[in-house]
Amino acid sequence: MQPFSEAYEGRGAFASASRPPMTTRYVPFARSMSTYSGARLRTDVVAGVTVAALALPASMAYAQLAGVPVSAGLYALLLPVLAYAVLGSAPRVVVGPEGTVALLVATAVAPLAASGSAEYTALAAMLAIMVGLVFLVARLARLGWIADYFSQAVLVGYITGVAIVLVLGQLGKLVGISSDEEGAIRETLDIVRHLGDANGVTVIVGALSLALLIVAGRISKRIPGALLLVALGIAVSWALDLAARGVSVTGPVPSGLPSLEVPDLSRADLGPLVVAALAVFVVAFSDSILTARSFAARHHEVVDANQELLAFGVAQISAGVTQGIPVGTSGSRTAVNDDMRATSQVSGLAAAATIAAILMFLTAPIQHLPSAVLGAVIVYAGAKLIDPAQWRALARSSRVEVVIAAITVLCVVTIGVLQAIIVAVVLSVADILRRAARPADAVLGWSAEEDRYVNVVDDPDAGITPGVVVYRIQDRLFFANAHFFKRRLWAAVDGAPKPVRHVVLDGSFISAIDASAEAALREVLDGLRERNIELHVARAALELRQDLDSVGLVEAIGADHFHGTVTAAVEACRHSADTPP
């Protein structure tokens, strides 16, 4: 057998012995271009143009949802898309205005300024810059790991709740009724009470728009149903002068590209946006990581969470300085991009170029677009956010997770999307602690068939050594599970055939201990000694052994009571004079 240091030639046990150049480390686009071929260009450009066709109506709809002019939504499809294309680590992910983020923007900015006003638009742009700064601070602190701690149950519940709020929030646009009530439920009830005041033409436009989207979606997801609907809506609105019939329309949209400027706001205006910036960061980052990893897994690729923080930080700031709104990851457009066989972020560059051309030459017709059409786009997109398959997966996993998701939905709908973020974070932490507080554990016995110690519940024929209890807890020991550890270990001792003279603790899963775990181990050690039972520890990793030694537990247990394997520990117990034959 060859020594490790010799075989690895002084390198570490894990890969990445040398760091790549900075250009490829921080600019993944440069790395992808090093192997790019002309054969991929046509595929990527076609995919990008298709994505732009889907993004155009969606961005205008989400801009209205956020309370800003539709131009702000279109601006958010330019520099932010370019920034992510260059810096993002996921080659197929599509960024831009999204329903969840737009709803958070509206919730945060609406109390501060009148919707659609210049001040409101400036506040939304400043919010994007602040969100970008949060992303960059998180990148500097290397907080990419926090993406692994968002509970799936909470995320499913939050997205479902947001989808419900999105759909309810568009009811007024679909029937031509406005409401001054606050909150999704109250606003919906108020609109229902005044359905007699609905504009008939608006109802027809909204119903036909939804029908067209549903039919197009069922035929093929490659059909840009939303784009066709927008084009048709503009044509019909202009031909029939729907505005004169009481149908609300988008209004004039400025042509040309946005200028680069930081919103002119006072410090007093920034304070109320801090919490909202943190909320948008949590939602946008968690959603982007889940989407990016999902599509990367299909192509056996790896997403760098810290690089995503950098990419989204620059993208959000780019949105803010171009009078746009905060952006997120579009799961639906990413799916289309992937389905069109896009191979790199060249598709993102093509999408941004397409939107730029529209802004320069084709904005005049947009003023005739009925608001009911954009409302239908949001309703259709919002409904697709509710994924029954995810709820079924939660139900298969655990009923508790379904309850957690349902509570999250209820909080989003009743107390608001911004406030529900706090509840979602608390529920995520609670879910983590719930799992950690009751880790898997087992009493072990020897399996001659498998030639190792196994869970006696899984193999009732596994052999046990009289007088010896072998117990394993499959997690690190800390405050959340210290009481569980004590209770279960005593239950294992009390349930074993008498007399018990030795307890072997299999430490293979225990990576570390904290003060609560130390106290629990001392309590167990003292209790075992009162019963004339010795404690042995098997398979303790070096880090665990060092932790135990630093607090004096190695000395208290006895250095000779630590063993490299469970078999060695049991053999030592068998040869003890106290062990019954």
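Modeller: Let's settle one term before we start: a crossing counts as left-handed if the near helix is turned anticlockwise from the far one by less than a right angle, and as right-handed if the turn is clockwise. Keep in mind, too, that this is a predicted model.

The part I'd pick is helix 4, residues 38-66, where it meets helix 13, residues 225-240. Their axes come within 7 Å and cross at roughly 65°. As for the hand, helix 4 goes past helix 13 in a left-handed crossing. Who does the touching? On the helix 4 side you'll find Ala53, Leu56, Pro57 and Met60, and helix 13 answers with Ala226, Leu227 and Val230. Sort that contact by class and you get 7 nonpolar residues, with no polar and no charged ones.

Helix 18 is the top contributor, with 5 residues. Here the class count is 13 nonpolar, 5 polar and no charged.

What about the second largest cavity? That one holds about 60 Å³ of space. Leu477, Leu505, Ile510, Ile513, Leu521, Val537, Leu544, Leu548 and Ile557 form its lining, and by class that makes 9 nonpolar, no polar and no charged residues.

Now for the charged side chains, which can pair up when their opposite charges come close. A search of the whole structure turns up 11 salt bridges. One to click on is Arg92 with Glu301, where the closest N and O atoms sit 2.9 Å apart. Arg92 is in the loop between helix 6 and strand 1 (95-96), and Glu301 is in the loop between helix 15 (273-298) and helix 16 (305-321), so the pair ties together parts that are 209 residues apart in sequence.

Finally, the backbone has a couple of spots worth a look in your viewer. Lys498 and Pro499 are joined by a cis peptide bond, with omega about -5°. You'll find Pro499 in the loop between helix 23 (482-495) and strand 6 (502-506). The other spot is Arg142, a residue other than glycine with a positive phi, near 55°. Arg142 sits in the loop between helix 8 (118-140) and helix 9 (152-169).

Notes. Residues numbered from 1 in each chain as written. Predicted model: local features only at pLDDT ≥ 70, side-chain atom pairs only at ≥ 80, totals over all residues. Heavy atoms only, no water. Axes fitted to C-alpha atoms, helices over the stretch in contact; angles between N-to-C directions. Helix = DSSP H or I, 4+ residues; strand = E, 2+ residues; numbered from the N terminus. Contact = heavy atoms within 4.5 Å. Nonpolar A, V, L, I, M, F, W, Y, C, P; charged D, E, K, R; others polar. 1 Å grid on protein atoms, 1.4 Å probe; cavity = no way out; pocket = protein on both sides within 12 Å on 5 of 7 lines; lining within 4 Å. Points joined across faces, edges and corners; volume = space filled by probe spheres on them. Salt bridge = Lys/Arg side-chain N within 4 Å of Asp/Glu carboxyl O.
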